[in-house]
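Work through these exercises with the coordinates open. Each task is followed by its solution.

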Amino acid sequence: MTRPVAVITDTGELDPEPGAGLLDEAGFEVRVVGSPDADAIAAAAHDADAVIVGYARIDGALLDRMPKVRILATMSAGHDMIDIVEASRRGVWVANLPHSATEDVAVHALAQALSLTRRLPQADQVVRAGGWSTDFGEVPRRAGEMTLGLLGMGRIARTLARLAAPVFGRVAAHDPHAADWPDAVERLDLDTLVENADVLSLHIPSTPRTRGMVNADLLARMPQGSVLVNVARGDLVDPEALLAALDTGHLAGAALDVFPVEPPNATDRLRTHPRLLLSPHSAFLTDASLRAYATEPARNVIAWWTTGRPHTPVTVPAGVAAPASDLTARTPRTQGAPA
């Protein structure tokens, strides 16, 4: 009997072998493209049943060239690289990894927030330049007298709130859609949150409504000397408005792990502004998260093939049935709940 085909698109710095090994053991033929190029993906996935996606853009035009695909499994919590509406219309599952780096991203955001509020980049520069002075700009404020504001209250934000509560004097958030709300987090409307957040940390998805949401008006309503942290999506922030707020000193600093264009151009001022603390989209990065990103998309594919449903679906296509397969009767030893 013909083996089901699983294609892995672009992997970046991830080693695809652990996931490929799980799929092979479960009976799949595995093809690794190693590129986000649509033509290369289409050539490899023309007869694929499943596609594991890194950053490659999967739209209707590419789905037309992969007519057998019935599941798209991302290597990340984000899934904005996939046209969800188009996938659902075609009865294609989309599955992501909502848990694999939750703690890691939350810790990264907290580290960035504390580094900015303690003025650590400026202090580091003084010492490296041969100086020994505490006169390196604004005097740091005591964290216990500051408000940490969270825009969004998903898994990462809730974890950050738990970690930050003993450090900051107040933790507040805005999210009109969140049902699971920690007792220690004050629930505010957006305007009140923005006007009171000494540190504003972004934890919302990129959608047509949220893109460019952090604009000149919103930044102007933040307190003088406040800081911004973005570990969510780069297009949430208007880069020119951010640079202007940093130039005037209205914002004391900002930490960016994500950018509107990745990587940013070598001449982009987001790379060079002295008030910016930067990381190369690495908030997720730990040894544990790398293991999960390599293996859990494969587990989603295997679960879909054996049971008809991935472990962590983003959407549930109407009328999708479990695939008929000789694998259905057995449970691979690789199957299990995501970490």
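**Exercise 1. Overall fold**

How many helices and strands are there in the protein chain?

Solution. Remember that this is a predicted model. Step one: count the elements. The chain has eleven helices and 13 strands. Step three: box the C-alpha atoms along the principal axes. They fill roughly 75 × 45 × 35 Å.

**Exercise 2. Burial, contacts and surface**

Find what share of the residues is buried, then characterise the contacts and the surface.

Solution. Start with burial: 52% of the 339 residues count as buried. Residues 24 or more positions apart make up 63% of them. Finish with charge: the chain carries 30 positive and 41 negative charges, and their mean positions lie 3 Å apart.

**Exercise 3. Helix H2**

Which residues of helix H2 are buried, and what do they pack against?

Solution. Locate H2 at residues 38–45. Apply the cut-off: buried means under 20% relative accessible area. Ile41, Ala42, Ala44 and Ala45 pass. Now list the partners of these buried residues. They pack against strands S1 (5–8), S2 (29–32) and S3 (50–53), and against helix H3 (60–64). Last, inspect the start of H2. There, a side-chain oxygen of Asp37 comes to within 3.2 Å of the backbone nitrogen of Asp39.

Terms used
Residues numbered from 1 in each chain as written. Predicted model: local features only at pLDDT ≥ 70, side-chain atom pairs only at ≥ 80, totals over all residues. Heavy atoms only, no water. Buried < 20%, exposed > 50% of the residue type's maximum accessible area, 1.4 Å probe, protein only. Helix = DSSP H or I, 4+ residues; strand = E, 2+ residues; numbered from the N terminus. Contact = heavy atoms within 4.5 Å. Polar contact = N/O pair within 3.5 Å; in protein donor to acceptor, adjacent residues only side chain to side chain. Lys, Arg positive; Asp, Glu negative; His and termini not counted. Charge placed at Lys NZ, Arg CZ, Asp CG, Glu CD.
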